[in-house]
Amino acid sequence: MVWLAGCSAGSQLKAPPTDDASGGQDGASTTLTTETCWSGLRAGADPQTILRVAKQFSVTYFDAAHALADRAAFSRTRSCSEDHGIEVYKGVRLSDVTPQLTDYTVFLRPDQSEYAGIDQAVRRACMNQVLLQAADASGVAGALVEPAFPAGFTLGWAPPSPAQWAQGQRVYACTLAQEVASPLLYAEVFTHGFPTEDRTCIDSASLVYVDCARNHDRERIAGIDVTAAVRSGAFPGTTAIKTRASGPFVDFGSATFAALDRACTTYLRSVSTTTKLTGVAEPEVDQWPTRTGRFQIACEADAAPSQRSVVTQGSVYNR
């Protein structure tokens with residue numbers, strides 16, 4: 001009802017957020033490609049933009065608002081060496097993704113099955129070789145692996161803006177968005193150059209997250225998304241939740257856990273020279289599924305379950 005009120009009374013519409021035009025280039029005329037950076041403005045920030053897009057592609061205002069809410073506007077470029085809100089860390093041609101898409105309207109209906117297929121295919125295309133190897137090691141069909149980022153960083157993808165699409169751009173943009181603009185880049189998360197305070201380390205004794213520079217015995221290094229396999233029935237969803245005296249937990253069976261651990265270890269060995277720790281798969285029962293309906297399993301660098309924990313300082317990312 002809030003959106004209806006906004007649509008029916010123009011004077012009640014909030015002024016749209018402005019995008020600093022003092023630097024960078026106009027997005028409509030700029031090629032959307034690998035290693036380009038952009039302002040953090042989102043396409044759904046301006047109700048008038050939503051109205052225009054809804055009319056242009058003959059979808060409802062609500063569909064357009066839902067689709068554009070967190071999608072990059074790609075309105076102005078930024079230098080990647082300076083503060084930026086959105087980085088396109090990889091550009092993927094539409095012709096390289098199956099199913100191939102020619103109708104922009106699909107991007108405005110994310111609740112439709114056709115969009116789900118595109119989403120799965122593009123997210124896999126966005127993975128680099130290190131992530132692909134880890135995903136394949138899991139043995140789970142359609143598994144997706146992403147490096148762990150702290151709160152305020154969001155990995156995703158976006159199509160060109162309607163203006164870029166009209167200019168003939170046909171590319172999926174693999175994006176890293178930051179709530180607080182900074183010069184950090186996606187590639188840095190795989191290296192020792194990423195700040196330890198932006199890593200996710202855990203002190204099991206006190207059950208708190210800490211800066212990885214402090215004592216800890218676990219580090220969250222990646223996540224495995226098995227949503228596609230759950231939806232197809234090839235992987236257990238909520239049926240994997242079991243109950244014991246201490247409370248509910250997620251159980252896939254020893255063979256499946258061994259494969260997931262192998263995937264986590266494959267990733268760990270790609271980013272670290274540590275021999276003291278291994279990769280351990282850790283599903284969280286209160287996040288199975290997440291509030292957005294995804295089924296994700298954390299990968300942690302930890303001592304093997306049969307060994308005593310190892311207290312350390314610094315991130316395992318040391319390459």
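**Stop 1: Cys-37 and Cys-80**

Select Cys-37 and Cys-80 to begin: their link is right-handed, with 110° about the S-S bond. The two residues form a disulfide with an S to S distance of 2.0 Å, the term being used for a pair of cysteine sulfur atoms within 2.5 Å. A disulfide is a covalent bond between the sulfur atoms of two cysteines. This one links distant parts of the chain, 43 residues apart: Cys-37 is in strand β1 (residues 36-38), and Cys-80 is in the loop between β2 (77-78) and β3 (84-93). Helices (H or I, at least four residues) and strands (E, at least two) are DSSP runs, numbered from the N terminus. Both Cys-37 and Cys-80 are buried; buried stands for under 20% relative accessible area, exposed for over 50%, and partly exposed for values in between (1.4 Å probe, protein chains only).

The model on screen is predicted: local features need pLDDT of at least 70, side-chain atom pairs count only at pLDDT 80 or more, and totals for chains, interfaces and linings use all residues. Residues are numbered from 1 along each chain as its sequence is written, and side-chain values use heavy atoms, with hydrogens and water left out.

**Stop 2: the five-stranded sheet**

Display β2, β1, β3, β6 and β5, which in that order make up an open sheet of five strands with antiparallel pairing. The edges are β2 and β5 (153-158); each has a single partner strand, so one side of each is left without a neighbour in the sheet. Strands of a sheet pair through backbone hydrogen bonds, either parallel or antiparallel. Here, two strands pair if DSSP finds at least two bridges between them.

Begin with β1 and β3, whose antiparallel pairing has three bridges. Cys-37, already selected, stands opposite Glu-87 in β3. Then move to β3 and β6, an antiparallel pair with eight bridges; Val-92 stands opposite Tyr-172 in β6. Finally, β5 and β6 run antiparallel and are joined by six bridges, and Trp-157 has Cys-174 in β6 as its bridge partner. Nine of the twelve residues of β6 are buried, so this strand is largely enclosed by the rest of the structure.

**Stop 3: Cys-126 and Cys-174**

Select Cys-126 together with Cys-174: their sulfur atoms are 2.0 Å apart and form a disulfide. With -85° about the S-S bond, the link of Cys-126 and Cys-174 is left-handed. Since Cys-126 lies in helix α4 (residues 113-126) and Cys-174 in strand β6 (residues 171-182), the pair ties together parts that are 48 residues apart in sequence. Cys-126 and Cys-174 are both buried.

**Stop 4: helix α4**

The expected span of a helix is 1.5 Å times one less than its number of residues. For the 14 residues of α4 this gives 20 Å, which agrees with the 20 Å between its end C-alpha atoms.

**Stop 5: the nonpolar cores**

Which residues of the largest nonpolar core touch the most other members? They are Tyr-172, Ile-224 and Phe-235, in a core of 75 residues. A nonpolar core is a set of buried Ala, Val, Leu, Ile, Met, Phe, Trp, Tyr and Cys residues joined through side-chain atoms within 4.5 Å.

Centre the view on Tyr-172. Beyond residues up to four places away in sequence, Tyr-172 touches residues including Val-92, Leu-101, Phe-107, Ile-118, Val-122 and Trp-157.

**Stop 6: Cys-264 and Cys-299**

Select Cys-264 and Cys-299, which a disulfide joins with an S to S distance of 2.0 Å. The torsion about their S-S bond is about -75°, so this disulfide is left-handed. The pair links distant parts of the chain, 35 residues apart, with Cys-264 in helix α8 (residues 254-271) and Cys-299 in strand β13 (residues 296-302). Cys-264 counts as buried at 0% relative accessibility, and Cys-299 counts as buried at 2%.

To finish, display every disulfide: a search of the whole structure finds four. With bonded cysteines counted along the chain, their pattern is 1-2, 3-4, 5-6, 7-8.

How values were computed:
Contact means heavy atoms within 4.5 Å.
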